[in-house]
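Subject: Structure handover

Hi,

Here is the structure I promised to pass on to you. Please have a look at it first, and then read my notes below.

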Amino acid sequence: MMIVDRQPSARTIDALFKRARPNSLNLIRLVLAAAVIVWHSYAVLGLPKPETGVRELIGALPVNGFFAISGFLIFQSWVRRPSIRDFLVARIVRIYPAFWVCLIATAAFFAPLATLVQGENALAQLFSSDALSYVLKNSSLAMLQWRIGDSPSGIPFIDSWNASLWTLAWEFLCYLALLGLGLLGMARRKWILPTAFAISVLLNVLVALPTDLPEFVERAGRFSIFFFAGALVAQYSHAIMASWTLVLISLVTMIASAWIPVGHLILQAPATAIGLITLGGLFNPRWAELKNDISYGIYIYAFPVQQTLVVLGVMTLDVFSFSLVALLVTVPFAAASWFLVEKPALRLRKSLGYPTWFRRSNAPIP
């Protein structure tokens, strides 16, 4: 039976996300991951990108939405269990194992398959030093090698086998930033998180100015403002009254701000965080809770799947048809990632406890 909150005016966001209540945040993240596939289809098919506003909506906003939801969830994780070891182990186990397997799958399956289809020596590709270095050089999350030898080749987008993975390093940096704020007493000193958000706003102001700033500053401003916006929603979730009107206003603001030429992230970040998180709490049928979360697998496997489809000749479809085919082909890889890698890793962490080199004290960090 579908359960959708019909009386949101009496509830805060905090009440919507009590542990016994279902929510649809995993479903929202799955939709965002699917939207990333649509955006990447333009590149892998060699098509011109859409106009600025649409480009922002399907190109940047889905990833930004991921960061906003992550900020909300990671803040809650720290507040529930403010322990350095627990926090780091949980984040590492959630991100790294599936990421490493994806690197190996790209070097051992996708690239050799493409090489074979193109009539070249797949075994030489598989056992090449470039295949090994692709896995080793990128294993830290920082993408230092995008191609594997001369692969991919003969297709419109030859710059990378997986152009999605670069954002994961920024995601982990946001985790570490929140950990630092937690150690400064973020849960007790309520001004710390708003100060961090204000700094991210300042970074976006600097980027909007006609100055020549490094790309690092632009990316730091972009990802931090969404991540800290989500964390702020979590910090003040007890005071934010959830309603469908709030969702509508937030999402309209989120979409409309895509057409603001400069500085739009300052408006878009809080609207995205409030809109998506409140929507996730209010839209809460049991089926939408998605206990098996394949959104991460969709995100990390979609691009090599798209590249391989192009190598196989699937290039005559329009963007949305190609995106749908890519999504359907990616789902088995994402499901395998969840059931064979991600879920066992989480289960193993819980059953075996934490590594001995983390066990210094059972007392939580204040």
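Let me start with a pair of charged side chains. D14 is partly exposed, since its relative accessibility is 29%, and K18 is partly exposed too, at 45%. The two side chains form a salt bridge, with N and O 3.2 Å apart. Before I go on, please keep in mind that this is a predicted model.

Salt bridges

Across the whole structure, the search turns up nine salt bridges. As background, side chains of opposite charge can pair when their charged atoms come close.

One of these pairs is D293 with R29, at 3.1 Å from N to O.

Another pair is R219 with E215, where the N to O distance is 3.3 Å. Both residues are in helix 9 (residues 215-235), and because they are four residues apart there, about one helical turn separates them. R219 has 24% relative accessibility and therefore counts as partly exposed. Shared partners also link some salt bridges into one network, which joins R29, R94, D293 and E342.

Helix packing

Next, a helix pair for you to look at. Helix 10 (residues 244-256) packs with helix 11 (residues 264-282) at an angle of about 140°, and their axes are 8 Å apart. The crossing of these two helices is left-handed. On the helix 10 side, the residues in contact include W244, L246, V247 and L251; on the helix 11 side, L267, A271, I274 and L279 are among them. What classes of residue make up the contact of helix 10 with helix 11? It has 11 nonpolar and six polar residues, and no charged ones.

Two residues in helices

T330 is part of helix 13 (residues 319-352). This residue is buried, because its relative accessible area is 0% and buried means under 20%. The T330 side chain reaches the backbone oxygen of A326 at 2.6 Å. Leaving aside residues up to four places away in sequence, T330 touches G297, I298, Y301, A302 and V305.

L206 lies in helix 8 (residues 192-208) and is partly exposed, with a relative accessibility of 33%. With residues up to four places away in sequence left out, L206 touches T211 and L213. The C-alpha atoms of L206 and G221 are 9.1 Å apart, and these residues are separated by 15 positions along the chain.

Backbone details

Some points on the backbone may interest you as well. The peptide bond that joins S151 and P152 is cis, with omega at about 0°. P152 is in the loop between helix 6 (129-137) and helix 7 (166-183).

L141 lies in the loop between helix 6 and helix 7 too. Although L141 is not a glycine, its phi is positive, at about 100°. L141 is buried, with a relative accessible area of 2%.

L290, found in the loop between helix 11 and helix 12, also has a positive phi without being a glycine, with a value near 50°. At a relative accessible area of 24%, L290 is partly exposed.

Best wishes

Notes:
Residues are numbered from 1 along each chain as its sequence is written. This is a predicted model: local features need pLDDT of at least 70, side-chain atom pairs count only at pLDDT 80 or more; totals for chains, interfaces and linings use all residues. Side-chain values use heavy atoms; hydrogens and water are left out. Axes are lines fitted to C-alpha atoms, for helices over the stretch in contact, and angles run from 0 to 180 degrees between N-to-C directions. A crossing is left-handed if the near helix is turned anticlockwise from the far one by less than a right angle, and right-handed if clockwise. Contact means heavy atoms within 4.5 Å. Ala, Val, Leu, Ile, Met, Phe, Trp, Tyr, Cys and Pro count as nonpolar, Asp, Glu, Lys and Arg as charged, and the others, Gly among them, as polar. A salt bridge is a side-chain nitrogen of Lys or Arg within 4 Å of a carboxyl oxygen of Asp or Glu. Buried means under 20% relative accessible area, exposed over 50%, partly exposed in between (1.4 Å probe, protein chains only). A polar contact is a pair of N or O atoms within 3.5 Å; within protein, one must be able to donate a hydrogen and the other to accept it, and residues adjacent in sequence count only if both atoms are side-chain atoms.
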